[in-house]
Amino acid sequence: MAKPAIHYSIKPSHPEAHLFTITCRIDKAAPQGQQFQLPNWIPGSYMIRDFAKNIISFKAMDSNGTQLKHKKLNKSCWQVDPCQSALIIQYEVYAWDLSVRSAHLDTTHGFFNGTSTFLAVVGQEQNPCSIDIQKSDGSHYDNWRVATSLEPLESTQYSFGLYQADNYDDLIDHPVEMGTFDVGTFYINNIQHNIVLTGKHRGDIPRLCEDLKVICQTHADFFGELPDIKHYLFLTMVVGEGYGGLEHRSSTSLLCSRNDLPIKDQEQTSEYRNFLGLCSHEYFHTWNVKRIKPEVYTPYNLNEEVYTEQLWAFEGITSYYDELALVRSKVITEEQYLEMLGKTITRVLRSNGRFKQTVAESSFDTWTRFYKQDESAPNNIVSYYAKGSLIALGLDFTIRKATNNKKSLDDVMQVLWSNYGKKGIGVPERMIETIASEIAGEDLNNFFTDFLYGTKDLPLTDYFNSVGIGLHSYLSDSVDNTGGVKNKFEKGKVKAISIGARVVNNPLGAKLTHVFDDGVIQKAGLSAGDIIVAVDNIQVTKNNFEKMLQSFPLGSKISVHAFRRDELMLFSLQVIPAKEDTFYLEVMDNQKNQMLNNRNQWLKLS
Ligand SMILES: [Zn+2]
């Protein structure tokens with residue numbers, strides 16, 4: 001192929017100062033002066049992040065090296081004076097954000113998303129480009145390699161050198177990792193899949209590959225085929241404490257804790273199951289949101305907020321299938337799946353925000369609310385992930401019931417894939433509801449009015465009873481009990497009171513981070529940010545605060561001393577019983593054949 005008319009190079013020029021240096025050469029710049037634009041947000045993470053704030057220097061020159069004048073037009077757009085020859089710009093990006101959303105560089109590794117590093121050549125976004133990924137100077141970096149799903153041009157897998165992209169949209173959808181890393185490989189439908197792990201860890205990579213293989217195959221079989229990809233990459237940064245994932249067209253960036261990884265010959269932990277759930281989630285996105293995507297994202301406008309009420313379908317449905325695929329692929333047991341589901345139900349039904357915001361509103365306002373959660377979030381907003389996944393479950397069960405198990409949400413997803421995703425056609429607002437009604441053979445408008453555009457709770461008990469599973473609840477003994485499992489205390493033996501708040505340790509005492517509506521803490525007048533130092537004149541910490549309150553008889557009034565900012569304040573707190581807000585699921589003892597059959601169809605147990 002001819003050399004692309006846009007050529008980028010990126011070099012970790014000062015890893016110790018967290019600086020990448022990027023140059024971009026354009027053969028034909030705009031005659032009236034070329035503009036360059038950096039995205040203000042990254043697809044998949046719906047918040048204005050203003051990545052351009054990390055561009056700390058910028059210069060422009062012609063092909064002779066003569067400097068050209070430039071000016072900024074707004075926070076993320078530069079304009080360079082007209083240039084007769086090829087135009088070259090050079091700029092530095094400060095990279096010190098350890099997340100999957102931007103860029104991170106030090107002397108141990110480098111990671112970047114194109115949305116943080118590559119300025120778009122305005123007007124030439126459709127043109128192909130080449131990218132020279134360069135090694136840092138010095139022998140310290142001699143054993144560094146490169147991992148990316150970018151297409152090699154004059155490079156081989158894992159090497160520095162030339163890569164290429166079809167256009168700007170393609171360029172910014174392949175994150176890049178560089179450093180010394182471990183690699184695992186497996187194949188799905190003859191397409192190479194790799195997991196790359198950076199950071200200190202002792203994870204069992206063969207076991208991870210074995211589990212990922214069956215999960216990925218379950219998704220590929222679900223949609224009937226892989227999307228058009230040449231290979232797929234799970235780019236994983238392993239740290240002490242961390243969690244995150246971001247989907248891309250043929251890769252995903254993951255951030256996990258080293259405790260999430262499986263250890264050779266040791267039993268499967270719930271942390272590992274959650275990590276597999278994260279991998280499953282991001283892989284399902286390869287179809288759902290990367291290709292089956294809202295019409296308003298086709299193409300993306302990365303300069304400003306883009307609004308849709310449909311994120312329940314792209315994140316909620318994905319969240320539903322990420323865990324369902326684990327049990328369908330038999331990587332986890334049915335019991336473990338029900339535990340995960342019980343936790344989601346507990347999370348949703350504990351939050352009062354579900355009565356104040358609809359899931360459609362949560363999606364629309366994600367830019368300023370879901371992605372900018374403050375101390376009031378549990379009281380005032382609902383998650384389109386968590387409640388969205390329950391809506392997906394409800395929709396699945398509703399279609400199964402309406403069609404006597406002949407159809408399900410699986411069919412809705414397959415139609416979305418073949419009619420929209422595969423063809424590159426954006427999904428219009430509310431189209432998923434129309435398709436679901438067609439597949440169910442009945443009008444599902446009331447379902448969506450109640451649960452998506454309204455704040456009603458889903459009839460979960462009925463859904464689960466139809467598959468021979470009971471939904472149970474109990475008074476929680478602790479906010480740290482996140483549900484999913486049976487209560488361990490005997491009924492009537494332990495007095496459960498809920499503190500109605502989330503608490504963290506603080507050098508002075510127990511610091512309140514979230515105060516729930518109608519809980520004892522809120523009723524007493526305490527607020528998020530307050531540091532409780534004493535209960536009944538005895539010093540408290542996070543560890544003994546809950547137990548201390550539980551030692552008082554119900555109804556008693558206790559003195560609580562707390563600092564609000566620098567003022568010591570006295571509150572009177574009345575001990576009230578906990579709410580029955582902790583849920584778990586259990587297979588029923590006496591179940592009819594029909595229930596068993598329904599469950600087998602749903603979980604694909606046999
Ligand atoms: Zn997601």
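Is Phe222 buried or exposed?

1. **A word on the model.** Please keep in mind that what you see above is a predicted model. Residue numbers start from 1 along the chain, following the sequence as written.

2. Phe222 is buried, with a relative accessible area of 12%. Phe223 is buried as well, at 5% relative accessibility. A search of the whole structure turns up 42 aromatic pairs, and Phe222 with Phe223 is one of these.

3. Elsewhere you can find a ring with a charge over it: the charged end of Arg145 sits over the ring of Tyr158, 5.3 Å from the ring centre.

4. **The sheet.** In which order do the eight strands of the open sheet run? Reading across, the order is E5-E4-E8-E2-E1-E12-E15-E14, and the pairing is mixed. Strand E5 (67-68) and strand E14 (151-154) are the edge strands, each pairing on one side only. Inside the sheet, E2 (residues 19-26) and E8 (residues 87-94) are antiparallel partners joined over eight bridges. For a spot to look at, Thr23 stands opposite Gln90 in E8.

5. **Thr198.** This residue belongs to strand E18 (residues 191-198). Thr198 counts as buried, because its relative accessibility is 5% and the cut-off for buried is under 20%. Its side chain makes a polar contact of 3.2 Å with the side chain of Glu177. Leaving aside neighbours within four places in sequence, Thr198 is in contact with several residues, among them His109, Phe181 and Met237.

6. In soluble globular proteins, nonpolar side chains tend to be buried together. Here the largest nonpolar core has 161 residues, and Ile131 and Trp602 are those with the most contacts inside it. Helix H5 (residues 311-328) gives the largest share of this core, 10 residues. Another core, of 24 residues, lies apart from it and includes Val535, Val540, Ala562 and Phe571.

7. **Helix H10.** Which residues of H10 (residues 409-421) are buried? They are Leu409, Asp410, Asp411, Val412, Met413, Leu416, Trp417, Tyr420 and Gly421. The elements covering these buried residues include helix H3 (205-223), helix H4 (270-285), H5, helix H9 (386-402) and helix H11 (431-440). At the start of H10, a side-chain oxygen of Ser408 comes to within 3.1 Å of the backbone nitrogen of Asp410.

8. **Val479 in its loop.** Look between strand E22 (469-474) and strand E23 (501-506): the loop there holds Val479. Val479 counts as partly exposed, at 26% relative accessibility. Val479 and Ser498 are 19 residues apart in sequence, and their C-alpha atoms are 7.1 Å apart in space. Not counting residues up to four places away in sequence, Val479 touches Arg350, Ile499, Ala501, Phe516 and Glu546.

Terms used
This is a predicted model: local features need pLDDT of at least 70, side-chain atom pairs count only at pLDDT 80 or more; totals for chains, interfaces and linings use all residues. Side-chain values use heavy atoms; hydrogens and water are left out. Two strands pair if DSSP finds at least two bridges between them. Helices (H or I, at least four residues) and strands (E, at least two) are DSSP runs, numbered from the N terminus. Rings of Phe, Tyr and Trp (its six-membered ring) pair if their centres lie within 6.5 Å; planes under 30 degrees apart count as stacked, over 60 as edge-to-face and the rest as tilted. Buried means under 20% relative accessible area, exposed over 50%, partly exposed in between (1.4 Å probe, protein chains only). A charge sits over a ring if NZ of Lys or CZ of Arg is within 6 Å of the ring centre and within 35 degrees of the ring normal. A polar contact is a pair of N or O atoms within 3.5 Å; within protein, one must be able to donate a hydrogen and the other to accept it, and residues adjacent in sequence count only if both atoms are side-chain atoms. Contact means heavy atoms within 4.5 Å. A nonpolar core is a set of buried Ala, Val, Leu, Ile, Met, Phe, Trp, Tyr and Cys residues joined through side-chain atoms within 4.5 Å.
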